[in-house]
Amino acid sequence: MEYGWKNRGGFMYLNKELVIAKNSEKTIKILPNMLNRHGIITGATGTGKTISVKVLAETLSNAGIPVFITDVKGDVASICEEGEMNESISKRVEKLDLENFNVSSFPTRFFDVYGKTGHKVRARIDSFKASLLSRILELSDSQTGNLNIALKVAEDENLPVYNFVDLKDLLKYVMDNKDKYNSYGNITTQSIQTILRKLLEFENTDADIFFGEPELNLSDLCTYEGSTGRGIINILDSTELVKDYNLYSTLMLWLLNKIYDTFPEVGDLDKPKLVLFIDEAHLLFDDMNSSMLKKFTQIIKLIRSKGVGVFLISQSPSDIPEDILSQLGNRIQHNLKAYTPKELKSVKVAASSFRENPNLDTEKSIIELSTGEALVAFINELGQPEIVERAFILPPQSKIGVVDENVRRKIINLSNLRIKYDIDVDSISTHELLSKLKKEEPKKEEKKKKNQKSKTEKLIDRTINTATSTITRRVINKLFKGLFK
Ligand SMILES: Nc1ncnc2c1ncn2[C@@H]1O[C@H](COP(=O)(O)OP(=O)(O)OP(=O)(O)O)[C@@H](O)[C@H]1O
Ligand SMILES: [Mg+2]
């Protein structure tokens with residue numbers, strides 16, 4: 001497919017080459033078929049990490065590769081606006097001898113958990129693994145075990161669990177019927193009551209807002225601009241979200257887990273279906289227990305064959321666990337400070353993660369690098385890391401700084417995802433169904449079977465008639481089918 005490889009007046013994607021950086025001797029390109037070998041962008045504050053992300057995202061978009069970026073400081077969103085050919089950009093263009101450099105805006109979609117600066121991002125509770133939920137709720141092992149049982153019961157009984165209200169009801173239901181479900185494991189009233197108490201604490205918090213319907217469909221992140229074939233750059237506003245460390249990191253883990261669970265195996269593609277850039281990546285690993293880390297390492301490994309690349313952004317490579325770090329093949333290292341013993345150690349770790357260049361003192365270079373300059377090493381055709389180079393990252397084609405909110409609003413308003421995500425779906429929840437069913441339950445046991453059918457049908461009819469959305473109808477049908485099978 002030639003999608004996105006057309007020369008649209010830029011210079012980075014000529015001859016299918018994705019140029020990212022340059023020095024006096026070399027032009028450094030990233031290989032599209034090696035983007036699923038993941039990557040890492042590191043460096044101290046203000047050294048050029050975000051601009052490197054932007055340059056990568058722009059280049060990938062030009063090459064027809066969709067991108068997802070978490071915008072932690074609010075300075076990524078301006079990728080939707082054309083850059084300015086000011087003195088600093090002109091200087092860099094001249095210095096790097098970039099012929100045909102042009103400023104440009106990029107096709108962008110905005111997402112936001114709070115629904116203010118983008119399409120609302122939600123996830124259903126039942127699409128979370130108990131281990132991830134327990135991370136948000138800070139549960140003990142035995143509480144996590146009980147949560148796991150409850151979610152299994154919901155799955156087996158076809159009970160949809162969208163939000164915390166549903167989860168509370170499910171937990172109460174499992175607690176009240178623990179004899180019925182004792183084959184699932186050890187259900188303890190105490191553990192369930194503790195989870196219920198914790199859920200109470202989370203009412204009306206960010207996490208409460210995040211859980212619900214309609215869930216973000218990940219295929220909506222793998223899209224292209226119709227007129228040009230450029231990959232869409234999906235931006236998750238994380239400026240507020242990141243303040244809730246737990247929710248931010250859990251959302252990212254959910255995203256990766258969901259990709260792993262739902263994307264088909266595709267092996268090695270000419271170019272990936274999606275590349276994710278996750279800023280403040282060290283947050284993912286804070287408080288991560290060893291079994292979760294093992295699982296995460298496996299996901300990072302296996303996601304490769306799903307045609308997805310993941311770039312982690314953090315201050316120093318030593319922020320990232322060794323097993324994960326070794327999976328991140330494409331590397332950009334910006335300047336690191338080396339004043340304290342800890343910083344010095346970080347510089348050594350960073351230097352040692354590169355394949356040595358005989359003409360370069362890697363350690364010394366790291367502390368010398370200027371803004372927008374980096375040690376760069378990408379994976380080569382043989383699947384091996386290339387020798388490290390000291391080079392200047394290209395200037396971005398889009399605007400540097402914060403986005404014009406009017407431009408962002410206009411893009412959100414024009415997006416075809418508005419209808420899908422920006423209206424809350426008032427679906428019938430487990431909570432409502434369980435309480436309705438309780439009321440309508442026939443008293444006499446022998447009448448139960450006979451009446452159940454007609455009552456159920458009536459209830460379905462009544463509810464479906466008042467339901468407005470297809471999602472609601474689908475859910476009701478599924479739910480009733482499950483409850484009365
Ligand atoms: N490749 C580049 N081309 C042109 N200017 C650059 C480049 N890299 C960095 N800069 C300049 O340096 C400034 C700081 O870069 P950037 O915001 O990317 O740093 P950062 O490492 O992301 O910082 P922080 O840790 O605070 O997020 C930019 O606003 C821009 O002016
Ligand atoms: Mg930054």
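**Conventions.** Residues are numbered from 1 along each chain as its sequence is written, with chains lettered from A and ligands numbered from 1 in the order in which they are written. As the model is predicted, local features need pLDDT of at least 70 and side-chain atom pairs count only at pLDDT 80 or more, while totals for chains, interfaces and linings use all residues.

**Confidence.** I looked up pLDDT, the predictor's confidence in each residue, from 0 to 100. The protein averages 87, and 84% of the residues score at least 70. Over residues 1-12 the pLDDT is below 50. I found the value under 50 over residues 443-485 too.

**Ligand 1.** I listed the residues near the ligand (C-beta atom, placed from the backbone, within 6 Å of it). The shell has 16 residues, and the closest are Gly48, Lys49, Thr50, Ile51 and Gly372. Helix H1 (residues 49-62) gives the largest share, three residues; helices are DSSP runs of H or I, at least four residues, numbered from the N terminus. I sorted the shell into four nonpolar (Ala, Val, Leu, Ile, Met, Phe, Trp, Tyr, Cys, Pro), eight polar (the others, Gly among them) and four charged (Asp, Glu, Lys, Arg).

**Helix H4.** This helix, residues 141-156, has 16 residues and reaches 22 Å from its first C-alpha to its last. That is close to the 22 Å expected, the expected span being 1.5 Å times one less than the number of residues. After H4 I noted Asn158, whose phi is positive, near 55 degrees.

Note on methods
Helix = DSSP H or I, 4+ residues; strand = E, 2+ residues; numbered from the N terminus. Contact = placed C-beta atoms within 7 Å.
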